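Here are a few friendly notes to read with the model open beside you. Take the points one by one and find each part as you go.

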Amino acid sequence: MSVAAQVQKLRKQYPDPLSAVMPALRLAQEQNDGWLSPDAIREVAGALDLTPAYCLSIASFYDQYRLEPVGRRVVEVCTNVSCALAGAQQVLEAFERELGVSAGSTREDGEYTLGTIECLGGCGWATVVAIDNRHRLRVNVDDVPGIVEELRGA
Amino acid sequence: MPTGDRPMTSSYPQIVFAGTNGGAVLDIDAYIAAGGFTALRKAQAMAPDDVIAELDASGLRGRGGAFFPTGRKWAFVPKPEQLAKPHYLVVNADESEPGSFKDREIMLRVPFRFLEGCLIAAHGIESQHVFVYIRGEYEREFEILRDSLEAMRKADLLGGVTVVLHRGAGAYICGEETALLESLEGKRGQPRTKPPFPAIAGLYAAPTAVNNVESITTVTPVLEMGGAEYAKLGVENSTGTRVFSLSGDVVNPGNYELPHGISMRELIYDVGGGVPNGRALKAIIPGGSSTSVLTADDIDTAMDFTSLVDAGSSIGSAGVIVMDDRCCMVQLGIRVSQFYEHESCGKCTPCRVGTKWVTQILQTIEDGRASQADLDLLLSVCDRIMGKCLCPLGDSDAIAVLSYVDRFRDEYQAHIDLGRCPFDGESSLEGILAPSAMHEAHGHEKVRA
């Protein structure tokens, strides 16, 4: 089903169809290699009778909507207080070494985006690492090579 | 599954997590067999006002951080006869407070108890329409709720109530109720002025009750056991049990359902196993990063609303973060301020600009470049944020940082006097990279303002 068709289904859930802009953007992003290109935004705008500028104003507000291309796999290490106390910085630096990307960038070959992220709500299971928005818990520096091996294989 | 490695039984009464034996109840038949949906049937046979009365009797106060009495909040919602507009129940599942991870575990382990609470609450405020705003990062939790809801639909348990699961997309500010409503309406998640309050003009300008996940989940056992029975647990100003999130420098981090009034000593040492590796307890954040820090001297403080206020802090979302003596309190200030700076929605100048200044001044103190006047400037900036914005996000930064300076003044002074961080690179928070700093380092500012 096209994004437009899925959006028509989505908007029926809401008394006001404007509410559908968030799930519509998520859908469009998922079907566009994980980011919201200008075309993807235009598609959402068309499906909801909104201006692309309005849809961009929503997309630019929330951290999970990406306005630039991302790697095939996105790795985000929480570095808020509890994860930091559990060694998140060492985990982050291990990912930088193993993946060959510096935090806040996408590798040249487009395979990985690595970044830091704010509290993911797993503080008692620190350090939390989100890989394509699925959470790995209790990650320590020794776990990183194994995780990267897994990512390479997938 | 994070819960699998904990002892199966707790010596404390389990209300939110009753019947789970440390695991999860994800099968609707198992939930029903154990008495599930009895409370809902009981509530549906009661008049909405009687349901509200039961909540009043329980003394249940909001578990999201504001601790507002649940029964009273529902009573504020005008009756349909008074205001002929659709009524909405909005559940705040946007849990994003650093240190707090209890709502996640509640949705993972007792989704039916939570959803049953949604239906009971909807009946209480005479609503046919429930929205659950769940943070975008809780993907598995969304899936579990979606599947549980589907099972309830198939079992014909929804009773004509529409329940919509709406996913957020990464914005701490959307945990603030009016910003949540704006976001749910399809706008940028920026807070509104109050009044009008959501009870009168909330979602789509209609009467709305906004409640936290844990509060709603607790509604179910409150109806089951009766409000008066629930009120026997805990202490007078803070009845019932609470799911405390424990993290940081502690042997057994995790979520623990305990009665209000338990001492911080018992929570950290008996339940939490104490501070690991023989280190000394230095600081405790009792209710999520937005609450004032306490020191080891406060260890016998009771974990209830009044006791924590008397100690100069607050219970907040009961997210307890423990720090040992390796933690530099200036670095803690930086990391916490970077969070608020990153999450500021940008609407109000004192917060948008103030949080950035707080982080910057703290960084000069950490780098040993600060003068005495800079410390005064830090306090002045915090004062210029406090109480001057539409929502408490900016206040949270100011409250947190002011408390670090207040309780650890000598340490802040030492940074200035020595012209460097006295931890000499050995602090447990040394070099931690925050998203706001990461974006700056790569020469692109995330567009938010």
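1. Let's begin with the overall layout of one chain, keeping in mind that this is a predicted model. In chain B, the centres of domain 1 and domain 3, taken over C-alpha atoms, are separated by 35 Å. Chain B as a whole is divided into domain 1 (2-232), domain 2 (240-324) and domain 3 (329-441).

2. Domain 1 and domain 3 of chain B do touch: nine residues of domain 1 are in contact with seven residues of domain 3. On the domain 1 side of this contact you will find five nonpolar, three polar and one charged residues.

3. Next, look for the sheet in chain B. It is an open sheet of four strands in the order S3-S2-S1-S4, with parallel pairing. Strand S3 (162-167) and strand S4 (208-212) of chain B stand at the edges with a single partner strand each, so one side of each has no neighbour in the sheet. On average, neighbouring strands here are turned by 20° against each other, direction ignored.

4. Zoom in on one pair of strands. Strand S2 (residues 129-134) of chain B runs parallel to S3(B), and six bridges join the two.

5. Another is helix H9 (residues 213-225) of chain B, which touches strand S1 (88-93) and S4 of chain B. The direction of H9 makes about 95° with that of S4(B).

6. H7(B) also has a helix partner. Helix H5 (residues 102-109) and helix H7 (residues 139-154) of chain B pack at an angle of about 35°, with their axes 9 Å apart. Their crossing is left-handed. B:Arg104, B:Met107 and B:Leu108 in H5(B) meet B:Glu141, B:Ile144 and B:Leu145 in H7(B). By class, this contact has four nonpolar, no polar and two charged residues.

7. Finally, turn to where the chains meet. The contact takes 54 residues from chain B and 46 residues from chain A. Among the chain B elements that give two or more residues are S3, strand S7 (241-248) and helix H18 (435-441). Which element of chain B gives the most? That is H13(B), with six residues. By class, the chain B side has 26 nonpolar, 17 polar and eleven charged residues.

Methods: Residues are numbered from 1 along each chain as its sequence is written. Chains are lettered from A and ligands numbered from 1 in the order in which they are written. This is a predicted model: local features need pLDDT of at least 70, side-chain atom pairs count only at pLDDT 80 or more; totals for chains, interfaces and linings use all residues. Axes are lines fitted to C-alpha atoms, for helices over the stretch in contact, and angles run from 0 to 180 degrees between N-to-C directions. A crossing is left-handed if the near helix is turned anticlockwise from the far one by less than a right angle, and right-handed if clockwise. Two residues are in contact if their C-beta atoms, placed from the backbone, lie within 7 Å. Ala, Val, Leu, Ile, Met, Phe, Trp, Tyr, Cys and Pro count as nonpolar, Asp, Glu, Lys and Arg as charged, and the others, Gly among them, as polar. Domain bounds come from an automatic or database domain assignment. Two strands pair if DSSP finds at least two bridges between them.
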